[in-house]
Amino acid sequence: ANTFTATATDAAGHTTTASTTFTVVVSARGLTALIGQMAGANAGQLVGALQNITTAPNVTARANRVKAFKNQVNAYLRSGRLTAAQAALLLGLVDAM
């Protein structure tokens, strides 16, 4: 969970603070869109590897497919198709999916 807090002060000097808590949910659809933004025309292999995760028939297959996705992300990083920051974000998000 994440918490966002904001404080406001009016012209008379009255201050108030409010907070809200929220959770970010990672979905295959959202991650696919992010990959498209990051990799553009080169997104195909990463999107395919991500789709393979979503169709895994069991936990072991899913773990293997997550590993394959991570290997693909690292290959994109090594080839310069992703920056280190982009790769780190994708590697973290796939674990949260």
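This briefing describes helix packing, the nonpolar core and a few individual residues of the structure above. The model is a predicted one, in which local features need pLDDT of at least 70 and side-chain atom pairs count only at pLDDT 80 or more, while totals for chains, interfaces and linings use all residues. Residues are numbered from 1 along each chain as its sequence is written, and side-chain values use heavy atoms, with hydrogens and water left out. Helices (H or I, at least four residues) and strands (E, at least two) are DSSP runs numbered from the N terminus.

**Nonpolar core**

- The largest nonpolar core has 18 residues, of which Ile 35, Leu 46, Phe 69, Val 73, Leu 82 and Leu 90 touch the most other members; such a core is a set of buried Ala, Val, Leu, Ile, Met, Phe, Trp, Tyr and Cys residues joined through side-chain atoms within 4.5 Å.
- At least two residues of this core come from each of α1 (28-39), α2 (44-54), α3 (59-79) and α4 (84-96), and the largest share, five residues, is supplied by α2.
- Val 73 is in contact (heavy atoms within 4.5 Å) with Leu 46, Leu 82, Ala 87, Leu 90 and Leu 91, when its neighbours within four places in sequence are left aside.

**Helix packing**

- The axes of α1 and α2 come within 10 Å and cross at roughly 170°; axes here are lines fitted to C-alpha atoms, for helices over the stretch in contact, and angles run from 0 to 180 degrees between N-to-C directions.
- The helices α1 and α2 are therefore roughly antiparallel to each other, where angles under 35 degrees count as roughly parallel, over 145 as roughly antiparallel, 65 to 115 as roughly perpendicular and the rest as oblique.
- On the α1 side, Ala 28, Leu 31, Thr 32 and Ile 35 meet Leu 46, Val 47, Leu 50 and Thr 54 in α2.
- With their axes 11 Å apart, α1 and α4 pack at an angle of about 170°, and these two helices are therefore roughly antiparallel as well.
- Leu 31, Leu 34, Ile 35 and Met 38 of α1 make this contact with Gln 86, Leu 89, Leu 90, Leu 93 and Val 94 of α4.

- Ala 28, which has its place in helix α1, is partly exposed, with a relative accessible area of 24%; buried means under 20%, exposed over 50% and partly exposed in between (1.4 Å probe, protein chains only).
- Leaving aside neighbours within four places in sequence, Ala 28 is in contact with Leu 50, Thr 54 and Met 97, whereas the C-alpha atoms of Ala 28 and Ala 11, 17 residues apart along the chain, are separated by 46 Å.
- Arg 29, also found in helix α1, is exposed at a relative accessible area of 73%, and its C-alpha atom is separated by 9.7 Å from that of Leu 50, 21 residues apart along the chain.

- Thr 17 is found in strand β2 (residues 15-22) and counts as partly exposed at 48% relative accessibility.
- Not counting residues up to four places away in sequence, Thr 17 touches Thr 5, Ala 6 and Thr 7.
- Arg 81 lies over the face of Tyr 76, at 4.0 Å from the ring centre, the criterion being NZ of Lys or CZ of Arg within 6 Å of the ring centre and within 35 degrees of the ring normal.
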